[in-house]
Amino acid sequence: MVDSIVILTGAGISAESGIATFRGPGGLWEGHRVEDVCTPQALVRDPDLVHRFYDLRRAALADVRPNAAHDALARLDRDWPGDLLLVTQNVDDLHERAGSRRLIHMHGELRSALCAACGGRTPHPGALPPGSVCATCGAPMLRPDIVFFGEMPYAMERIEAAIAAADLFVSIGTSGAVYPAAGFVGLASTCGARTLELNLEPSAGSALFDETRIGPAGLLVPAFVEEVLRPAT
């Protein structure tokens, strides 16, 4: 019997909406080395480049829409009577736009700003030039609210507690190569949850799952949600 579900989503679920996956050919992300746009050192070395990079990613959200997989997970969020936590590694807002509410962005959000001085996080849908002032503390130190490599993802204690209590852990569209998210399946298995992977191709951690289903998220996720909700309706 399944009462509690934790779902992890990665770049593969948003790729079907037209958002580039994190690492493309040659280790590039949207034409840039990840080390040049997604590390604390990069922000110090070239703040103009880093801020401009995320400004462009933020603006690009206006041209994409949630796909069938996002819509299906929003339906599950709405109709599932038990505990549910959707954890996304993605920094886009497609889950929210589809209607998901029981949601954590473990790697931050494009449409949010983080104050490097006081740690405050505030919605910020527009451009964020270097030196932008924090409305809370007044420091000119707002930066993209993105968890850079070497920084701690958000809400890890809450995520790990939910996984430890889950009956079912599902990973959708993830590479299985980026920690700590890559370790979630091991935690779920150790704590007795059934584990399921839905992915376009086997991930680096496929062997750790009880079951792997291969195919587009836009097909696999609606079918999975239909399967899960059938006994609950």
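**Reading the terms in a predicted model**

Mentor: Proline 180 has its place in the loop between β9 (168-172) and α8 (184-190). The model under discussion is predicted.

Trainee: What kind of peptide bond joins tyrosine 179 and proline 180?

Mentor: The bond between tyrosine 179 and proline 180 is cis, with omega at about 10°.

Trainee: What makes the phi of alanine 155 worth a remark?

Mentor: Phi of alanine 155 is near 55°, which is a positive value in a residue other than glycine. Alanine 155 belongs to the loop between β8 (142-146) and α7 (156-164).

Trainee: Why is alanine 155 called partly exposed?

Mentor: Its relative accessible area is 35%. Buried would require under 20% and exposed over 50%, so alanine 155, at 35%, is partly exposed.

Trainee: How do you know whether leucine 196 is buried or exposed?

Mentor: Leucine 196 has 0% relative accessibility. That value is under 20%, and therefore leucine 196 counts as buried. Leucine 196 lies in strand β10 (residues 194-199).

Trainee: Which residues does leucine 196 touch, not counting those up to four places away in sequence?

Mentor: Leucine 196 touches Phe169, Val170, Ser171, Phe209, Glu211, Arg213 and Phe224, once residues up to four places away in sequence are left out. The C-alpha atoms of leucine 196 and histidine 105 are separated by 21 Å, and these two residues are 91 residues apart along the chain.

Trainee: What makes valine 37 count as buried?

Mentor: Valine 37, in helix α2 (residues 34-37), has 0% relative accessibility, which is under 20%, and so counts as buried. From C-alpha to C-alpha, valine 37 and arginine 52 are 9.6 Å apart in space, and in sequence they are 15 residues apart.

Trainee: How is a pair of packed helices described?

Mentor: Two packed helices are described by the angle between their axes and the distance between the axes. For helix α5 (residues 68-79) and helix α9 (residues 217-229), the axes come within 7 Å and cross at roughly 20°. Angles under 35 degrees count as roughly parallel, and therefore α5 is roughly parallel to α9. The crossing of α5 past α9 is left-handed.

Trainee: How do the residues of the contact of α5 with α9 divide into nonpolar, polar and charged?

Mentor: They divide into 12 nonpolar, one polar and three charged. Among the residues meeting there are Leu73, Arg75, Leu76 and Asp79 in α5, and Gly218, Val221, Phe224 and Glu226 in α9.

Trainee: How do you know that the radius of gyration of the protein chain agrees with a compact globule?

Mentor: A compact globule with 233 residues would have a radius of gyration near 17 Å, and the protein chain has 18 Å, which agrees. Its C-alpha trace spans about 55 × 40 × 35 Å along the principal axes. The chain has nine helices and 11 strands, and 47% of its 233 residues count as buried. Of the contacts between residues at least 6 apart in sequence, 63% join residues at least 24 apart.

Definitions and conventions. Residues numbered from 1 in each chain as written. Predicted model: local features only at pLDDT ≥ 70, side-chain atom pairs only at ≥ 80, totals over all residues. Heavy atoms only, no water. Axes fitted to C-alpha atoms, helices over the stretch in contact; angles between N-to-C directions. Helix = DSSP H or I, 4+ residues; strand = E, 2+ residues; numbered from the N terminus. Parallel < 35°, antiparallel > 145°, perpendicular 65-115°, else oblique. Left-handed = near helix turned anticlockwise from the far one by under 90°. Contact = heavy atoms within 4.5 Å. Nonpolar A, V, L, I, M, F, W, Y, C, P; charged D, E, K, R; others polar. Rg over C-alpha atoms; globule rule 2.2 N^0.38 Å. Buried < 20%, exposed > 50% of the residue type's maximum accessible area, 1.4 Å probe, protein only.
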